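Let's take a walk through this protein model together. Keep the sequence and the picture side by side, and find each residue as we come to it.

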Amino acid sequence: MAAAAPPVAAPRFVPNIGRRKLKGTAFYGLCILAVAILLLAILILLVDVFVLGVPWLNADFITGTPSRRPADAGILPALVGSIQLVAITCVVAFPIGLAAAISLEEYAKDTRLNRLLRANISNLSGVPSIIYGIFGLAIFVRTLSLGYTLISGALTLALLILPIVIITSMEAMRAVPGTQREAAYALGATRWQVVRGAVLPSAAAGILTGIILAVARAIGEAAPLILVGAVGFVTFLPSPLEGGYTVLPIQIFDWASRPQEDFQGLAAATIIVLLVLLVILDILAVVLRIRLSRHIQW
């Protein structure tokens, strides 16, 4: 009787661990290099701006008005205009954006129309700002006859940041665990009581962070405001319903476009002021998020 053939051993898979580690290390190194190049470029720009702008920073520069002579120029009308513009933008955009987010996230059903609406809102956040300027020119300046006023610019910026406010608010509410809602419903709460008492307090940190970051974008916009009446030389404090206003980005553009070296220094000093405002908003966002996160118990 013939002996049985010995069993054939299954082939063993020996992964090339060394090659995988080498590829992973190379990719990680490329990522670090890309970040380093970006940080180096930002650092060079900041150093150049501070070298040019710090000598021009003083009390007269903050409290003065634009002038044909660089030594007498200031940014008070642009600073006041930026503050008024952002304040009106917040009053208009935030209640509407938060209400839209609550409706879409907590009340709207998962239908094809609502999914299409959410997708379009997400797409609107990536539309170039100049398109919003054209829309503001057509609707607010001409159709509604608001003219080239600060209120027209504020309404235009409200449309610009509205998708950002809606998206960040929806994501913050979506991050609230479903058990929070179920516990509130189990206690007999209505849907609005659940939203007001359980969802919004838990999502407040994310909502406020998104709102402040949206404001940071609005305060740095220049392109849409050029189309709705912002000018580069205003020697009086602007009024929301009167023509003639300017903001910090427009003032920077006006001075940076001039060939004189002194005006380049004024533009750099204005950039520093704008950066300080943005840093203050970012710090405020972080502080609010930390304070509100302490009261969240999931």
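Helix α10 is mostly covered, with seven of its nine residues buried. Here, buried means under 20% relative accessible area, exposed means over 50%, and partly exposed lies in between, using a 1.4 Å probe and counting protein chains only. Helices are DSSP runs of H or I with at least four residues, numbered from the N terminus. The buried residues of α10 are L248, P249, I250, Q251, I252, D254 and W255. Before we go on, note that this is a predicted model, in which local features need pLDDT of at least 70 and side-chain atom pairs count only at pLDDT 80 or more, while totals for chains, interfaces and linings use all residues. Residues are numbered from 1 along each chain as its sequence is written, and side-chain values use heavy atoms, with hydrogens and water left out.

A pair of aromatic rings is described by the distance of the centres and the angle of the planes. Rings of Phe, Tyr and Trp (for Trp, its six-membered ring) pair if their centres lie within 6.5 Å; planes under 30 degrees apart count as stacked, over 60 as edge-to-face and the rest as tilted. How many aromatic pairs does a search of the whole structure find? It finds one. The partners are F61 and W255, 6.4 Å apart from centre to centre with 40° between their planes, which makes the pair tilted. This pair links distant parts of the chain: F61 belongs to helix α2 (residues 59-63) and W255 to helix α10 (residues 248-256), 194 residues apart. Both F61 and W255 are buried.

Next, follow helix α3. The expected span of a helix is 1.5 Å times one less than its number of residues. Because α3 has 32 residues (76-107), it should span 46 Å, and its end C-alpha atoms are 45 Å apart, which agrees. The helix also bends by about 25° at C90, where the bend is the angle between axes fitted to the seven residues ending there and the seven starting there.

Now for the charged residues. Side chains of opposite charge can pair when their charged atoms come close. A salt bridge is counted when a side-chain nitrogen of Lys or Arg is within 4 Å of a carboxyl oxygen of Asp or Glu. A search of the whole structure finds seven salt bridges. One of them joins R181 to E106, with the closest N and O atoms 2.8 Å apart. That pair links distant parts of the chain, since R181 sits in helix α7 (residues 178-186) and E106 in helix α3, 75 residues apart. Are these two buried or exposed? R181 counts as buried because its relative accessibility is 16%, and E106 is buried too, at 13%.

Compare that with R69 and D72, whose salt bridge has its closest N and O atoms 2.4 Å apart. R69 is exposed because its relative accessible area is 56%, while D72, at 39%, is partly exposed. E221 and R217 form another salt bridge, with 3.3 Å between the closest N and O atoms. E221 has 12% relative accessibility, so E221 counts as buried; R217 has 26%, so R217 counts as partly exposed. Salt bridges also link E105, E171 and R174 in a network.

L160 and E221 are 61 residues apart in sequence, yet 9.7 Å apart in space, C-alpha to C-alpha. L160 lies in helix α6 and is buried, with a relative accessible area of 2%.

S145 has a positive phi of about 55° although it is not a glycine. S145 is exposed, with a relative accessible area of 58%.

V35, L38, L39, I42, L46, F50, V54 and L57 make a nonpolar patch of about 670 Å². Patches are made of residues with over 30% relative accessible area and no salt bridge, with like charges joined within 9 Å and nonpolar side chains (Val, Leu, Ile, Met, Phe, Trp, Tyr) within 5 Å. The accessible areas come from the Shrake-Rupley method with a 1.4 Å probe, and for residues only the protein chains shown count as cover. L38 lies in helix α1 (residues 17-53) and is exposed, at 52% relative accessible area.

Key:
Helix = DSSP H or I, 4+ residues; strand = E, 2+ residues; numbered from the N terminus.
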